[in-house]
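Here are some notes for a colleague who is opening this structure for the first time. Please read them with the model at hand, point by point.

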Amino acid sequence: MQRQVALVKQSLFDQGYLDEQFMELEDLQDDANPNFVEEVATLYFKDSARLINNIDQALERGSFDFNRLDSYMHQFKGSSTSIGASKVKTECTMFREYCRAGNAEGCLRTFQQLKKEHATLRKKLEHYFQMARQAGPKETARRPK
Amino acid sequence: MAEVLLPRKMEIANGPSKFGSAHLLHVLAVDDSHVDRKFIERLLRVSSCKVTVVDSATRALQYLGLDVEKKSVGLEDLKVNLIMTDYSMPGMTGYELLKKIKESSAFRDIPVVVMSSENILPRIDRCLEEGAEDFLLKPVKLSDVTRLRDSLMKVADLSFTKKRELETEHAYSLDSSPRSQLKRAKI
């Protein structure tokens, strides 16, 4: 079971969903805080869902307030970076470039892609955390107490 | 008489440096991002720091304001030794918070570190010119935090040791002890 968990995790890195920052988070786990990464991830998805909602509404209104959109995306990119969500981060960067160029079409397209990546990551991480929990604390805890 | 006093004085002078009541660096972290707050809090705890986290510059000032009132009642526990703040925050930015702290006679000696996800040189310059201790790029690394902690502890150690040296000298100068015994008392 634990080997499966390791394989799932490795594939997330290999496929570029996660970067080294995720490993930095895992290094901060210990016996006293074995669920730290999952807690951070939960916070991240709660936050990002709110931001996606805000951006959706702003885009639906049709009036493209690029400054506002860029501001939302700055937050989104920030937390995505902090958790190591590599693909999502890339989409955020692209979106911001379109904002700065005042390219509404580009923003809309990129945002669709971003939502897809975000949803995929969410599913994959949920699966990973579930497996890790089933495998037992040894797999997730990294830092010896 | 001096012989009896000597070991005790030396023991105190060689003792560990003290921050507040728990010998820990107390850090006030300021960030509007929930994810980043959780992250920096963990980094600081893993580095054996005492942590207070707030979600805005305004709340940070409130916390420090409260600190002053309570300080007069002698609660050393609340004394903040380091402030780490995000740069981009809604309302008051980290830069504005930095300025306010450096303008205040009560808090200007507290080192302030600014964190940002954006590597903008004029921004970094501006913060350092305003008196920031350091500027860290996000995501902050554990090594950044331990480096910061170590350098601040060293400064505190030096000032604590120096203080004790002066106190020891003063105590001995009040005795009628010969100068050679005074020399032995210094670390």
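1. In this predicted model, helix 5 of chain B, which runs over residues 121-129, has Arg123(B), Ile124(B) and Cys127(B) as its buried residues. Viewed down the axis of helix 5 of chain B, these buried residues fall within an arc of 100 degrees, and they therefore line one face of the helix.

2. The face of helix 5 of chain B that is turned away from the buried side carries Leu121(B), Pro122(B) and Glu129(B), which are exposed. On the buried side, the cover over the buried residues includes helix 4 (94-103), strand 4 (112-116) and strand 5 (134-137) of chain B. Just after helix 5 of chain B comes Gly131(B), with a positive phi of about 105 degrees.

3. Turning to the contact between the chains, 21 residues of chain A and 15 residues of chain B take part in it. The area buried between chain A and chain B comes to about 1,600 Å², and carbon and sulfur atoms give 64% of that area. Of the area that chain A buries against chain B, 32% is supplied by Leu28(A), Leu43(A) and His74(A), which is more than any other three residues supply.

4. His74(A) deserves a separate look: it is found in helix 4 of chain A, residues 66-83, and an unreviewed UniProt entry annotates His74(A) as "modified residue: Phosphohistidine". Is His74(A) buried or exposed? With a relative accessible area of 18%, His74(A) counts as buried, because the cut-off for that term is under 20%. Leaving aside residues up to four places away in sequence, His74(A) touches Arg96(A) as well as Ser88(B), Ser117(B) and Glu118(B).

5. Two of those neighbours of His74(A), namely Arg96(A) and Glu118(B), are themselves joined by a salt bridge, in which the closest N and O atoms are 3.6 Å apart. Across the interface of chain A and chain B, the rule finds 3 salt bridges.

6. As to confidence, the model scores ipTM 0.91 and pTM 0.81, while chain B averages a pLDDT of 81, with 73% of the residues scoring at least 70. Over residues 70-75 of chain B the pLDDT is below 50, and this stretch has 3 contacts in the model beyond near neighbours in sequence. Residues 180-187 of chain B also have a pLDDT below 50, and that stretch has 16 contacts in the model when near neighbours in sequence are set aside. Where pLDDT is low, the predicted coordinates should not be read in detail.

Conventions
Residues are numbered from 1 along each chain as its sequence is written. Chains are lettered from A and ligands numbered from 1 in the order in which they are written. This is a predicted model: local features need pLDDT of at least 70, side-chain atom pairs count only at pLDDT 80 or more; totals for chains, interfaces and linings use all residues. Side-chain values use heavy atoms; hydrogens and water are left out. Buried means under 20% relative accessible area, exposed over 50%, partly exposed in between (1.4 Å probe, protein chains only). Helices (H or I, at least four residues) and strands (E, at least two) are DSSP runs, numbered from the N terminus. The arc is that of the directions from the helix axis to the C-beta atoms. Contact means heavy atoms within 4.5 Å. pLDDT is the predictor's confidence in each residue, from 0 to 100. UniProt positions are given in the numbering used here, feature names are shortened, and annotations may be inferred rather than shown by experiment. Buried area is the accessible area (1.4 Å probe) that two parts lose on being put together, summed over both. A salt bridge is a side-chain nitrogen of Lys or Arg within 4 Å of a carboxyl oxygen of Asp or Glu.
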